[in-house]
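Please keep the sequence and the 3D view at hand while reading.

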Amino acid sequence: MAEIGFYHLTRSSVEEALPQLLGRTLEAGQRAVIRCKDAAQVKALDAALWKVRDPVWLPHGSKAMGHAPRQPIWLTEGEDAPNGAAFVFLLDGGAELGLENFARVFDLFDGRDEAAVGRARKRWTAMKSAGHELAYWQQQPRGWHRAR
């Protein structure tokens, strides 16, 4: 079973919070897949990741760019993981199937959006019932706090 962390964003957007998590993923020598809700989100996230300054550079690609096996970070609106990623980042609305194929799952949701919080609660319940190991992380003024 995958280790699943729910990341409750309280002070920043996904585009602002994701780079630090991806930077740590690359520092750990891992590859990542980011599952977006649709093609528009893939495109917007692609543009945002190219503008990131810390970490300095987040190499990534998508179906539009090609070269999937060479991409350390793969952006998708589907369930594909053509880069051999061990980590998957689920953005609210991203595909939830096949999570057992990953070592770690990061489920990011906007805590300022009640509907997104409600959907995250449903995912938590379903994943807990499926036997996954779950952790809840809440964004703090500086970093993350893991609730027990």
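## The cavity

The largest cavity is lined by Leu-90, Leu-91, Asp-92, Gly-93, Gly-94, Glu-96, Asp-107 and Arg-123. The model is predicted. The structure holds 1 cavity of 30 Å³ or more.

What is the make-up of the lining by class? It has 4 charged residues, 2 polar and 2 nonpolar. The lining includes Asp-92, Asp-107 and Arg-123. These residues return in the next section.

## The charged network

Side chains of opposite charge can pair when their charged atoms come close. This structure holds 5 salt bridges. Which residues form a network of salt bridges? Asp-92, Asp-107, Arg-119 and Arg-123 are linked in this way.

Take Arg-123 and Asp-92. Their salt bridge has its closest N and O atoms 3.1 Å apart. Arg-123 lies in helix H3 (residues 114-129), and Asp-92 is in the loop between strand S5 (87-91) and S6, so the pair ties together parts that are 31 residues apart in sequence. Are these residues buried or exposed? Arg-123 is buried, and Asp-92 is buried too.

Arg-123 also pairs with Asp-107. Their side chains meet in a salt bridge at 2.7 Å, N to O. This pair links distant parts of the chain, with Arg-123 in helix H3 and Asp-107 in strand S6, 16 residues apart. Both Arg-123 and Asp-107 are buried.

Glu-3 and Arg-104 form another salt bridge through their side chains, at 3.8 Å, N to O. Why does this pair tie together parts that are 101 residues apart in sequence? Glu-3 sits in strand S1 (residues 3-9) and Arg-104 in strand S6 (residues 104-110), so the bridge joins parts separated by 101 residues.

How accessible are the two partners? Glu-3 has 33% relative accessibility, so it counts as partly exposed. Arg-104 has 25% relative accessibility and also counts as partly exposed. Buried would need under 20%.

## The nonpolar patch

Trp-50, Val-56, Trp-57 and Met-65 make a nonpolar surface patch of about 470 Å². Trp-57 is found in the loop between helix H2 (39-50) and strand S3 (61-62). Is Trp-57 buried or exposed? Its relative accessible area is 56%, so Trp-57 is exposed. The cut-off for exposed is over 50%.

## Backbone details

Two local features stand out for a backbone check. The peptide bond from Asp-54 to Pro-55 is cis, with omega near 0°. Pro-55 is found in the loop between H2 and S3. Trp-57 of the nonpolar patch is in the loop between H2 and S3 as well.

The other feature is at His-67. Its phi is near 55°, a positive value in a residue other than glycine. His-67 lies in the loop between S3 and strand S4 (73-76).

Gln-139 lies in strand S7 (residues 133-139). With 6% relative accessibility, Gln-139 counts as buried. How far apart are the C-alpha atoms of Gln-139 and Thr-10? They are separated by 5.6 Å, while the residues are 129 apart along the chain.

Conventions:
Residues are numbered from 1 along each chain as its sequence is written. This is a predicted model: local features need pLDDT of at least 70, side-chain atom pairs count only at pLDDT 80 or more; totals for chains, interfaces and linings use all residues. Side-chain values use heavy atoms; hydrogens and water are left out. On a 1 Å grid over the protein atoms alone, a cavity is a set of points where a 1.4 Å probe fits but cannot get out, and a pocket is an open set with protein on both sides within 12 Å along at least five of seven lines; lining residues have an atom within 4 Å of a point. Grid points are joined across faces, edges and corners, and a volume is the space filled by probe spheres set on the points. Ala, Val, Leu, Ile, Met, Phe, Trp, Tyr, Cys and Pro count as nonpolar, Asp, Glu, Lys and Arg as charged, and the others, Gly among them, as polar. Patches are made of residues with over 30% relative accessible area and no salt bridge: like charges are joined within 9 Å, nonpolar side chains (Val, Leu, Ile, Met, Phe, Trp, Tyr) within 5 Å. Accessible areas come from the Shrake-Rupley method with a 1.4 Å probe; for residues, only the protein chains shown count as cover. A salt bridge is a side-chain nitrogen of Lys or Arg within 4 Å of a carboxyl oxygen of Asp or Glu. Helices (H or I, at least four residues) and strands (E, at least two) are DSSP runs, numbered from the N terminus. Buried means under 20% relative accessible area, exposed over 50%, partly exposed in between (1.4 Å probe, protein chains only).
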